[in-house]
Amino acid sequence: MSNGNKEVLTGHQVVANAMRQVEPDVVAAYPITPQSEIVEYFSQYVADGKVDSEVITVESEHSAMSACVGSAAAGARTMTATASQGLALMMEIVYIAASMRTPIVMAVANRALSGPINIHCDHSDSMAARDSGVIQLYGEDAQEAYEFTLMAQRLAESEDVLLPVMVTLDGFTLTHTAQVAELLPDRAVSDFVGEYDARYPLLDVENPTTQGPFDMPDYYFEHKLQQVDAMDNVPDRFLQVQEEFNDLSGGSYDGLFETYKMDDADYAVIILGSTAGTAKVVVDELREEGKKVGLLKPWLFRPFPAEEIKDVLLDKEAVAVLDRSLSFGSSGPLYLEVSSALSGEDTKPRLYNYTYGLGGRDIKEDQIAEVFEDLENPDLEDKMRYIGARQ
Amino acid sequence: MAEFELKKYDEIPIGGVITGGATPELNKTGDWRSERPIWDEDTCIQCLQCWVNCPDASFEISEEEIQGIDYEHCKGCGICAEICPVDAITMKPEGEGSEDE
């Protein structure tokens, strides 16, 4: 990227800056660790006259998302941010935002769900929203969180999509750490996101509409099929938005996930979010020892790019999926997706599931190296492994 | 209730939006009422408290005066009977109420 300015910023600051540059009409939010500073910074920008947005402070996240749905239905460009318990509390309305096709862009600072109560990172909050109908993008670092927030705006508002987008960034690991990030010029971002033209703005009194009505069994199913269709349109739109974004930023996004040294790899790990950065270091170290290892990092989790990921994995020896959340009584959410993508194939890699990092438990380079070591064992037992848990 | 042709998923507006408005008027939603309000025109002082407080829009009004109750939309919540300062509205069980009407 060549047009912007390199700065040392926290994850909070880059997301708040992305929001400032998008300049939504409305932001409705409620504070919750580790999200709060995103909206605090944004509110400061509003107070300082740096952005012309209406900030609605509400009494809960349920109200925050409700206000967002009302605002978006009115025809206003709308954003919010939350985490953990906040997302859990707004969940009822997240489903409604998706079903009403309101293109709300929201940051989620990933944090473990209670209980026991914990403020640190895992993915149990956003994974709980994976069936809600929102698009989910997972960022590895502040830069990706910034760029996905901008791209999310275009993706959400695409005519054949019109769905909310959740941009996640790992709580504390990304939100509270200062990183070098490169922001685009304000003008470039406003040109990129353009004006939002809602399809059925409730405030258009010349063309009255009823929104969010009761659906009987004779139409509910059809409205759900519309959401299926919209979700199916996301991958192509995302690639298109990436291309336009690259033109703007000089970046090189060209897929639904990132592959790192995967071309000739025999052994691979699949990881969402910031831990992918740690895994890259491990891949580099093992490559120096001559090991053919690689990393696949999904950017898009909803919709899940099953076909595309299958194509990359089929010729591998063994693959480990590292989940940062549990689905009690089943495998990890990411593992289930990858396993489903590979089902039906006769020749496919051995596939293993690991759980790591719950409630902010650190995962270190040597622990990821051990995963790669496991994969080299052709007789490795197929069972869930819990990295770093005292068993 | 009018007969509607059931359309395919791609033949209807997205998100459950109903274009044209007036949906509450078209949908008859008064048929699950167990008690109905009976309005006594002679007792009524036309304060319009019932009209203001009705959670639906079931009080028919013209010339700033209550004309009657729209039973196709009234759900029988009884707020009007409770709010009426001169007891001009009384709640009667369905069946019994219809005889008085």
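**Notes on the predicted model**

1. Ala97(A), Leu155(A), Val165(A), Val269(A) and Ile270(A) touch the most other members of the largest nonpolar core, which has 115 residues. A nonpolar core is here a set of buried Ala, Val, Leu, Ile, Met, Phe, Trp, Tyr and Cys residues joined through C-beta atoms within 7 Å. A residue counts as buried if 20 or more other C-beta atoms lie within 10 Å of its own, as exposed if 12 or fewer do, and as partly exposed in between, with C-beta atoms placed from the backbone. Helix α6 (residues 142–157) of chain A gives the most to this core, namely nine residues. Domain 1 (5–249) and domain 2 (259–386) of chain A both contribute residues, so the core lies between them.

2. This is a predicted model, in which local features need pLDDT of at least 70 and side-chain atom pairs count only at pLDDT 80 or more, while totals for chains, interfaces and linings use all residues. Residues are numbered from 1 along each chain as its sequence is written, and chains are lettered from A and ligands numbered from 1 in the order in which they are written.

3. Leaving aside neighbours within four places in sequence, Ile270(A) is in contact with Leu296(A), Val319(A), Val321(A), Leu322(A), Leu334(A) and Val338(A); contact requires C-beta atoms, placed from the backbone, within 7 Å. Another core, of eleven residues, lies apart from the largest one and includes Trp39(B), Cys54(B), Ile69(B) and Cys74(B).

4. Chain A is divided into domain 1 (5–249) and domain 2 (259–386), with bounds that come from an automatic or database domain assignment. The C-alpha centres of these two domains of chain A lie 28 Å apart. Between them, 28 residues of domain 1 are in contact with 20 residues of domain 2. On the domain 1 side, β6(A) supplies the largest share, four residues. By class, that side has 13 nonpolar, nine polar and six charged residues. Ala, Val, Leu, Ile, Met, Phe, Trp, Tyr, Cys and Pro count as nonpolar, Asp, Glu, Lys and Arg as charged, and the others, Gly among them, as polar.

5. An open sheet of six strands in chain A has the order β10-β12-β11-β14-β15-β16, with mixed pairing. Helices (H or I, at least four residues) and strands (E, at least two) are DSSP runs, numbered from the N terminus; two strands pair if DSSP finds at least two bridges between them. β10 (257–260) and β16 (385–386) of chain A stand at the edges with a single partner strand each, so one side of each has no neighbour in the sheet. Four bridges join β10(A) to β12 (residues 293–298) of chain A, and these two strands run antiparallel. Thr259(A) stands opposite Leu296(A) of β12(A).

6. What covers the buried residues of α2(A)? The cover includes α1 (11–22), β2 (26–29), β4 (78–82) and β5 (105–110) of chain A. The buried residues of α2(A) include Glu37(A), Ile38(A), Val39(A), Tyr41(A) and Phe42(A). Just after α2(A), Gly49(A) takes a positive phi of about 75 degrees.

7. Two bridges join β9(A) to strand β1 (residues 18–19) of chain B, and the two run antiparallel. Within β1(B), Ile18(B) is the bridge partner of Thr210(A).

Note on methods. Two residues are in contact if their C-beta atoms, placed from the backbone, lie within 7 Å.
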